[in-house]
Amino acid sequence: MKKFMIGTAATVLILTIVFSIQQGLLFSTTLPYDDEQTGLDTQITIHLSHVVAENTPKGQAATKFAELVEQKTNGQVKVHVYPNASLYNDENEFKALQDGKVEMIIPTYSKMTSYVPDWQVLDLPYLFHTDDEVHEVLTGPIGEQLLDELQPFNVKGLGFWHNGFKQLTAEQPIHTFEDLQGLRIRTMPSKTLEKQFSLAGATPVPISFSEVFTDLETHAIDAQENTASNIYSKGFYKVQKNMTVTNHGILGYSVLMNEKFWEQLSPKIQKQLMEAMKETTEWQFKQAVLLNADDLRKLQQEDDFVIYTMTDKERQRWQEQLAPVYDFYRANVKQPHLLADIQQIIAP
Ligand code: SIN
């Protein structure tokens, strides 16, 4: 009995020592102080929520930004990316950002126009002609000016990212402006975007991006406008038969951070984040163009999906028919001069 008790006590003692070593309770050392070191107690986490797939211009840029932030901060800041509206969708992501439930979101600028009506200038049809023009405007002083308008919302604008030019998909072929008449067309919530379709006698339906596929599939809507990369990555071509390459407008993003969170960061971290942002932006504008060209090629290879490319003459007609959208825009924003400022920068 005595031997048994000694044996049991010895086993318990050995197990306790092994467990303590495993858990770091014995022989633990404190991390030496080093400004560059990733100490657990100084780890900063950014939760970044967005609504598209990972293999899209925004999805890829978010991943690139996360990698660059980790690299530049020597692992001190980690960015966790939540794609595909897995955390928040179009309707609730801005509130989640303001409430500090996530630190970063990347909404399209069109979806921000109910807060910042002046951003509708970016939704004007046929304003931009090339991706380079979009880059020049959004990464220059006008971009800065647009981001400054976020101040009343306790949100820090880090910059703008690009997706590309929008095309139309529909059940039936769309060649003329008149072909839009009577269709229920999904658009992002922006008065200017809605106006462009109501002018054509269509009904604009502003619904969340995550609902578009199902609404097309169930014929709750007849058509939608989007970039080739979003059309391909979300499989809209599987539930629509036709696409028209209209290049009638642009789709892009504002990269937003909770302002309180931003202000709590040290100047050194803020600088590193801005460097990561700048590098990602330069990379992503080029990458977005490549990805859209690639996804357009993939769409062209789909058997039951017909792609029609507008002629210059047809485009000219659409442009004339959409001209009243510009009057609507001017009457509905505080700084209509932004349009002339942009037009001055870009080629006619
Ligand atoms: C996005 O690219 O974030 C979504 C675009 C859309 O809502 O159509």
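In this predicted model, helix H5 (141-148) and helix H13 (residues 337-345) pack with their axes 11 Å apart, at an angle of about 160°. Helices here are DSSP runs of H or I with at least four residues, strands are runs of E with at least two, and both are numbered from the N terminus. Axes are lines fitted to C-alpha atoms, for helices over the stretch in contact, and angles run from 0 to 180 degrees between N-to-C directions. H5 and H13 are therefore roughly antiparallel to each other; that label goes to angles over 145 degrees, while those under 35 count as roughly parallel, 65 to 115 as roughly perpendicular and the rest as oblique. The crossing of H5 past H13 is left-handed, meaning that the near helix is turned anticlockwise from the far one by less than a right angle, with clockwise giving a right-handed crossing. On the H5 side the contact is made by Ile142, Gln145 and Leu146, and on the H13 side by His337, Leu338, Asp341, Ile342 and Ile345, where contact means heavy atoms within 4.5 Å. Sorted by class, this contact of H5 with H13 has 5 nonpolar, 2 polar and 1 charged residues. In that sorting, Ala, Val, Leu, Ile, Met, Phe, Trp, Tyr, Cys and Pro count as nonpolar, Asp, Glu, Lys and Arg as charged, and the others, Gly among them, as polar.

A word on the ground rules: residues are numbered from 1 along each chain as its sequence is written, and side-chain values use heavy atoms, with hydrogens and water left out. Since the model is predicted, local features need pLDDT of at least 70 and side-chain atom pairs count only at pLDDT 80 or more, whereas totals for chains, interfaces and linings use all residues.

H13 also packs against helix H12 (residues 324-332), at an angle of about 125° and with the axes 9 Å apart. H12 and H13 are therefore oblique to each other. Tyr326, Tyr329 and Arg330 of H12 meet Leu338, Leu339 and Gln343 of H13, giving a contact of 4 nonpolar, 1 polar and 1 charged residues. Elsewhere, helix H2 (residues 57-72) and H10 cross at roughly 150°, and their axes come within 9 Å. H2 and H10 are therefore roughly antiparallel to each other, and their crossing is right-handed. The contact of H2 with H10 has 11 nonpolar, 6 polar and 4 charged residues.

On a 1 Å grid over the protein atoms alone, a cavity is a set of points where a 1.4 Å probe fits but cannot get out, and a pocket is an open set with protein on both sides within 12 Å along at least five of seven lines; lining residues have an atom within 4 Å of a point. Grid points are joined across faces, edges and corners, and a volume is the space filled by probe spheres set on the points.

The largest pocket holds about 470 Å³ of space. Its lining has 21 residues, with Glu144, Leu147, Leu158, Gly159 and Met274 nearest the centre. H5, strand S4 (155-165) and helix H10 (267-300) each supply at least two of the lining residues, and S4 gives the most, with 6. By class, the lining of this pocket splits into 8 nonpolar, 7 polar and 6 charged.

The second largest pocket has a volume of about 370 Å³. Of the 21 residues that line this pocket, Lys111, Met112, Ser114, Tyr115 and Pro189 lie nearest its centre. Helix H3 (93-98) and helix H6 (191-198) each contribute at least two lining residues, and the lining divides into 8 nonpolar, 6 polar and 7 charged.

There are also 2 cavities of 30 Å³ or more. About 70 Å³ of space lies in the largest cavity, whose lining includes Val51, Lys58, Lys111, Arg186, Phe209 and Tyr253. This lining comprises 6 nonpolar, 3 polar and 3 charged residues. The second largest cavity has about 40 Å³ of space and is lined by Phe177, Leu180, Gln196, Phe197, His248, Trp318 and Leu322. In this second lining, 5 residues are nonpolar, 2 are polar and none is charged.
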